[in-house]
Amino acid sequence: MSADESRKAMEKDPDLLWEEPSAGTPSEIVPTADEVSKVSIQEELRRVDKLYGEALGYAHEFINDIKNGKPFDFNDATPMVGEFIDSVFRNESAAAAISKLKAFDEYSYTHCINVSILAVILGKKLGYSRERLEMLGIAGLFHDVGKVVIPDHILNKPGKLSDQEMDIMRTHPLRGYQILRDQPGIPPEVLRGCLEHHEKFDGSGYPRGLKGDEISDFSRLLTVVDVYDALTSKRVYKDPMPPGKVLAMMYKWRVTDFHPNIVEEFIKSLGVYPVGSFVRLSSGEHGVVVDHNPLDPLRPCVRVAYDHEMHRIPVTEISLVDETRELTITDVVNPDKYKIDVYELIQ
Ligand SMILES: [Fe+2]
């Protein structure tokens with residue numbers, strides 16, 4: 001790989017990215033309404049919030065077991081993944097939102113749970129069976145276990161990694177595969193998900209530079225949700241990026257990095273402005289997206305609670321599709337900058 005190719009690959013590497021490329025707009029994606037949430041997001045948020053807490057406890061356990069060289073039973077994760085799948089089938093926006101709305105700072109633990117949840121949402125959109133969704137959710141949970149052997153000073157370095165550090169970082173898919181392979185009964189799809197989740201459609205990924213159909217089905221999904229979660233999460237070396245902006249960037253990269261249609265399907269399932277996005281409207285007011293509109297992804301339902309100067313105003317819920325003032329979303333705003341708790345606002 002030339003220095004230029006290496007730089008380009010690094011810029012788009014979710015583990016290494018700290019500069020923000022300019023975003024395009026995936027506005028030509030117009031999905032059809034094929035799913036109706038069975039319960040409200042508020043009701044499902046309460047359930048999935050509790051479940052997320054339990055999942056964090058499980059993630060601590062299995063990561064510590066791996067660090068200490070203890071065997072672990074991957075089947076222990078099946079009931080938990082099953083509950084997330086149930087949640088996604090009741091209201092998929094709640095599970096997607098919970099991973100972005102709470103101010104977690106334990107990236108190593110939250111990332112594996114978020115990738116599991118988001119993979120299930122994407123797998124559901126792609127028509128996976130329940131059995132396959134369970135396996136995919138487990139693959140998401142364990143995809144990054146190889147990072148337990150990466151030294152903390154590299155994993156959490158607040159600045160740019162040296163070439164040598166980057167080489168070490170890039171060993172984590174293979175190290176993870178080796179760890180999982182030594183556990184009894186791990187299915188091949190889960191092993192491949194771990195080994196191949198940084199491979200890219202055009203062959204520019206790692207560790208093996210696989211391309212196209214050489215990359216497994218699970219890995220194709222995992223790479224999409226892995227990039228999304230990494231870029232929308234806070235890391236020691238970067239602030240979280242707004243979900244809508246990340247989806248727009250991924251839409252730009254869809255031809256080189258991802259298999260055909262997967263990013264498009266992911267955007268359809270989350271919406272261009274995913275639930276939980278804090279947005280500015282053309283009126284100058286601000287609010288949080290509380291529901292997306294599958295027929296018009298640019299015009300979701302927004303709970304408006306702040307004026308143009310970010311002063312609190314009485315809450316009103318506006319569906320931008322039905323709005324007679326023809327309001328549009330003009331920007332996605334980082335609520336942390338204004339110390340706004342979006343999780344409190346959405347409940
Ligand atoms: Fe990774």
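Predicted model: local features only at pLDDT ≥ 70, side-chain atom pairs only at ≥ 80, totals over all residues.
Let me start with the overall picture. The protein chain holds 14 helices and 5 strands. It has 347 residues, and buried ones make up 56% of them. Now take the contacts with a separation of 6 or more. Of these, 66% are between residues 24 or more positions apart.

On to the metal. Which residues coordinate the iron ion? They are Asp-144, through OD, and His-172, His-197 and His-198, each through NE2. The distances run from 2.2 to 2.3 Å. Along the chain, the donors follow the spacing D-x27-H-x24-H-H. Look at Asp-144 and His-198. That pair links distant parts of the chain, 54 residues apart. Asp-144 is in the loop between α6 (130-142) and α7 (152-155). His-198 is in the loop between α10 (188-196) and α11 (217-232).

Are those two buried or exposed? Asp-144 has a relative accessible area of 10%, so it counts as buried. His-198 is buried too, at 4%.

What about the geometry? The 4 donor atoms subtend angles of 83 to 169 degrees at the iron ion, so the arrangement is irregular. To be tetrahedral, all angles would have to lie between 85 and 135 degrees.

Stay with α10 for a moment. Its buried residues are Val-190, Leu-191, Gly-193, Cys-194, Leu-195 and Glu-196. What do they pack against? The partners are α6, α9 (172-181) and α11.

The largest nonpolar core has 97 residues. Seven names stand out for touching the most other members: Phe-62, Ile-113, Leu-141, Phe-142, Leu-180, Met-250 and Phe-266. Which helix gives the most to this core? Helix α2, residues 41-67, with 12 residues. At least three residues come from each of domain 1 (3-270) and domain 2 (278-346).

Pick out Leu-141. Set aside residues up to four places away in sequence. Leu-141 then touches Tyr-58, Phe-62, Ala-77, Met-80, Val-81, Cys-112, Ile-113 and Ser-116. Another core, of 5 residues, lies apart from the largest one. Its members include Ile-150, Leu-155, Leu-161 and Met-169.

Now the strands. Begin with β2, residues 286-291. This strand is mostly covered, with 5 of its 6 residues buried. It pairs with β1 (residues 278-281) in the antiparallel sense, over 3 bridges. It also runs antiparallel to β3 (residues 301-306), joined by 5 bridges. Gly-287 is a handy landmark in β2. In β3, Val-304 stands opposite Gly-287. The hairpin of β1 and β2 has 4 residues between the strands. There, Gly-284 takes a positive phi near 95 degrees.

Last stop: Ile-340. Where is it found? Ile-340 sits in the loop between β5 (329-332) and α14 (342-346). Its relative accessibility is 7%, which means that Ile-340 counts as buried. Leave aside neighbours within four places in sequence. Ile-340 is then in contact with Phe-278, Tyr-306, Met-310 and Pro-335. Phe-278 is 62 residues from Ile-340 in sequence, yet the two are 9.3 Å apart in space, C-alpha to C-alpha.

Conventions. Residues numbered from 1 in each chain as written. Heavy atoms only, no water. Donors = N, O, S within 2.8 Å, 3.2 Å for Na, K, Ca; no water. Tetrahedral: all angles 85-135°; square planar, octahedral: opposite > 155°, others 65-115°. Helix = DSSP H or I, 4+ residues; strand = E, 2+ residues; numbered from the N terminus. Buried < 20%, exposed > 50% of the residue type's maximum accessible area, 1.4 Å probe, protein only. Pairing = 2+ DSSP bridges. Contact = heavy atoms within 4.5 Å. Core = buried A, V, L, I, M, F, W, Y, C linked by side-chain atoms within 4.5 Å. Domains from an automatic or database assignment.
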